[in-house]
Amino acid sequence: MKIAGAPISWGVCEVPGWGYQLSPQRVLAEMRDVGLAATELGPEGFLPSDPDELTALLDSFGLSCVGTFAPVVLHNAGHDPVPDIAGPLDALAACGANVLVLAAATGTDGYDSRPTLDDAQWATLLGNLDRLGAAAKEKGVLAVLHPHVGTMVETRSDVDRVLAGSQIKLCLDTGHLLIGGTDPLQLAREVPDRIAHAHLKDVDAAVAARVQAGELTYTDAVRDGMYTPLGAGDVDIAGIVTALRSNGFEGWFVMEQDTILNGEPTGEGPVCDVRISVEYMNRACAGLPAPTPV
């Protein structure tokens with residue numbers, strides 16, 4: 001089992017004004033202390049951009065890097081997104097990671113709203129996904145698309161359009177898919193060959209339903225605890241892990257519990273929930289068979 005963490009579980013996010021941002025030293029130390037051996041990089045500026053500094057910092061905490069998240073505008077015919085991934089690709093090369101997790105950004109900050117695309121914009125988006133996939137492959141990196149609330153690929157119909165109209169593989173984010181109206185377990189069973197990376201989130205479905213109904217913004221829902229430790233919410237995490245592994249999945253399971261902090265934690269802080277999730281994964285994955293070769 002390849003299990004990693006992500007800075008968003010500590011409230012570290014690329015959205016301006018998201019919340020109080022903990023230091024890299026605290027986040028990386030707590031990842032190490034709960035037994036994680038790897039992480040995604042987090043938002044631009046969280047970790048050093050200099051390759052030597054980045055690798056030295058990760059090494060000092062005994063952590064490797066598995067990938068990075070990159071929101072990119074893909075639907076605008078007048079914008080070339082290939083240069084937008086140059087920096088993330090360089091960062092991945094610097095620390096020996098090989099997964100670029102793309103999101104189809106709206107072009108505005110945050111994830112509380114999104115426009116509707118016409119057919120021409122969809123054609124541009126799908127073409128750009130394959131262009132970015134090819135550009136990443138030239139650098140030895142696998143690009144995957146992350147369906148994400150508040151982006152241009154959010155709903156099941158959006159996901160289906162990507163599956164039919166491009167060759168890119170997916171990051172199966174169990175939380176964002178559920179909130180966007182997709183059953184992540186069903187998707188894992190239907191298209192296992194298109195899933196190459198996984199973000200494991202658990203969700204309070206009652207809060208998610210309020211987002212779907214327009215009663216809560218995504219940001220307010222995160223603040224209200226929509227994401228829970230693994231095993232405490234309504235997503236069948238163990239079933240999803242089993243379904244993926246039984247179909248040959250050999251990628252990373254990145255644990256994420258999106259969090260918003262109001263200030264420096266006075267007690268343990270976010271690491272308490274991360275520890276619960278690690279313990280859940282250790283229990284849920286005990287005795288699972290090795291992935292079946294594809």
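**Cavity and aromatic contacts**

This predicted model holds 1 cavity of 30 Å³ or more.

Me: What makes this space a cavity, and what is the volume of the largest cavity?
Reply: The term applies because a 1.4 Å probe fits there but cannot get out. The volume of the largest cavity is about 70 Å³.

Me: Which helix gives the largest share of the lining of the largest cavity?
Reply: Helix 11 (residues 271-284) gives that share, with 3 residues. The lining includes Asp273, Val274 and Ser277, along with Trp10, Leu36 and Glu256. By class, 6 lining residues are nonpolar, 4 polar and 2 charged.

Me: Why is the pair of Tyr218 and Tyr227 called edge-to-face?
Reply: The ring centres lie 6.3 Å apart, and pairing requires centres within 6.5 Å. The planes stand at 70 degrees; an angle over 60 counts as edge-to-face, so the name applies. Both Tyr218 and Tyr227 are buried.

Me: What makes the pair of Phe249 and Phe253 tilted?
Reply: Their centres are 5.0 Å apart, with 55 degrees between the planes. Stacked needs under 30 degrees and edge-to-face over 60, so this pair falls into the remaining class, tilted. Phe249 and Phe253 are both buried.

Me: Which residues do ring pairs link into a cluster?
Reply: The cluster consists of Tyr111, Tyr218 and Tyr227. A search of the whole structure finds 3 aromatic pairs.

Me: How do you know that Lys201 lies over the face of Tyr227?
Reply: Lys201 is placed 5.8 Å from the ring centre of Tyr227.

Definitions and conventions:
Residues are numbered from 1 along each chain as its sequence is written. This is a predicted model: local features need pLDDT of at least 70, side-chain atom pairs count only at pLDDT 80 or more; totals for chains, interfaces and linings use all residues. Side-chain values use heavy atoms; hydrogens and water are left out. Rings of Phe, Tyr and Trp (its six-membered ring) pair if their centres lie within 6.5 Å; planes under 30 degrees apart count as stacked, over 60 as edge-to-face and the rest as tilted. Buried means under 20% relative accessible area, exposed over 50%, partly exposed in between (1.4 Å probe, protein chains only). A charge sits over a ring if NZ of Lys or CZ of Arg is within 6 Å of the ring centre and within 35 degrees of the ring normal. On a 1 Å grid over the protein atoms alone, a cavity is a set of points where a 1.4 Å probe fits but cannot get out, and a pocket is an open set with protein on both sides within 12 Å along at least five of seven lines; lining residues have an atom within 4 Å of a point. Grid points are joined across faces, edges and corners, and a volume is the space filled by probe spheres set on the points. Helices (H or I, at least four residues) and strands (E, at least two) are DSSP runs, numbered from the N terminus. Ala, Val, Leu, Ile, Met, Phe, Trp, Tyr, Cys and Pro count as nonpolar, Asp, Glu, Lys and Arg as charged, and the others, Gly among them, as polar.
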